[in-house]
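User: Hi! Could you help me see how labels such as "buried" are decided?

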Amino acid sequence: MEQKAAKVAIEAIASDEVIDRAYGWLCSRREHYSSNHDVWNVRWQWKSIKPLLQTDLLAGEYRFGAVRRVRRNHDAIELWSALDALVLKAMAIVLSRSLGLPRSCYHLRGHGGAKAAVRDVVAHLPGNAFVFRTDVKSYYAGIDHNVLMSRLSRRIVDHRVLHLLEQYIRRTVYRDGYYQDVKCGISLGCPLSPVMGALYLEVLDLRMEQTGLFYARFMDDWVILTRTRWQLRKAVKLVMQTLDELKLEPHPDKTYIGRASRGFSFLGYTIASAGIVGIAPQTHKRFVERLTRLYEQGAPPERIGNYVRRWHCWAVSGLGDYGKSISDFIPDACGVIA
């Protein structure tokens, strides 16, 4: 089942309402950037830049520049110029509300978010004895450009929008003075990428909806619940066939197929038939590593305490009554927040 073409026009992306919203996002996101970053030039000259930008967009003449790849934590993110980031955000705003992506894709704005996905999984556990939980290996890096452009061309008819999307996908990155044309994968750290990631797996969302089984996806991480082993086998076969069509692979270390009563990890929590039974081991490990790193770097007690408070708030909030059941599983380090 394929979705119909969406009414996505460059006029919507270049509108005052969307451009001003994207500009506000840019100012907020980069308010702490260094004084020599180009965001300050955009802010200083915004009154003259905005009409020129809108003219270029409407004429189909806007061009993205090369994007800088930087190392952050364990990932290499791509840092777009301030104006490029603004345009990408404007495109994300319009596309996310125009493409009509399935509600089972929880990470999109207005679809509930991670905590809603966890709540819904727990709520649907009664009556479902089996679970298939997995995610995609190197998802953003593994997205095939030709497959993505094919899907976009079937959904969007405005050639000016498609040209911008192709520039974003087939981008040039530079690092340490070296330039490289990207042949596969989408940009990590870009405001448009979550929408493109959702669209890429839309065919899986639609196929799972047709099965009538419970299905929840957040980015490339999803859970399928079934009543019988037969339904479970069919669901696994359907997912594997779809991933093969999209030239993707499931992550072997993050896949669980079996009884829900044995417990499985999803979006930072361990879930079983009884509901949320604790914090996932990997989530706990990352918390301890970050806490240890702050201590070894000589961070003041106030900073360490603030980190623990924020983490504790994340762990228990947004889950309704389910959040109460995990309070006993918060790591001992959280005692400092008392």
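**Reading the labels**

Analyst: Happy to! This is a predicted model. Let's start with L267, which sits in the loop between β9 (264-266) and β10 (269-272).

User: Why is L267 called buried?

Analyst: The relative accessibility of L267 is 18%. Buried means under 20%, so L267 counts as buried.

User: And what makes the phi of L267 worth a look?

Analyst: L267 has a positive phi of about 50°, yet it is not a glycine. Most residues other than glycine have a negative phi.

User: Where is K247, and what is its phi?

Analyst: K247 lies in the loop between α12 (229-245) and β8 (256-259). Its phi is near 60°, again a positive value in a residue other than glycine.

User: Why is K247 called exposed?

Analyst: Exposed means over 50%. K247 has 54% relative accessibility, so it counts as exposed.

User: Then what makes R97 partly exposed?

Analyst: R97, found in helix α5 (residues 82-98), has 47% relative accessibility.

User: How do you know that the side chains of R97 and E17 make a polar contact?

Analyst: They are joined at 3.3 Å, and the cut-off for such a pair of N or O atoms is within 3.5 Å.

User: How do you know that C184 is in no disulfide?

Analyst: The structure holds zero disulfides. For C184, the nearest cysteine sulfur, that of C190, is 16 Å away, while a disulfide needs sulfur atoms within 2.5 Å.

Note on methods
Residues numbered from 1 in each chain as written. Predicted model: local features only at pLDDT ≥ 70, side-chain atom pairs only at ≥ 80, totals over all residues. Heavy atoms only, no water. Helix = DSSP H or I, 4+ residues; strand = E, 2+ residues; numbered from the N terminus. Buried < 20%, exposed > 50% of the residue type's maximum accessible area, 1.4 Å probe, protein only. Polar contact = N/O pair within 3.5 Å; in protein donor to acceptor, adjacent residues only side chain to side chain.
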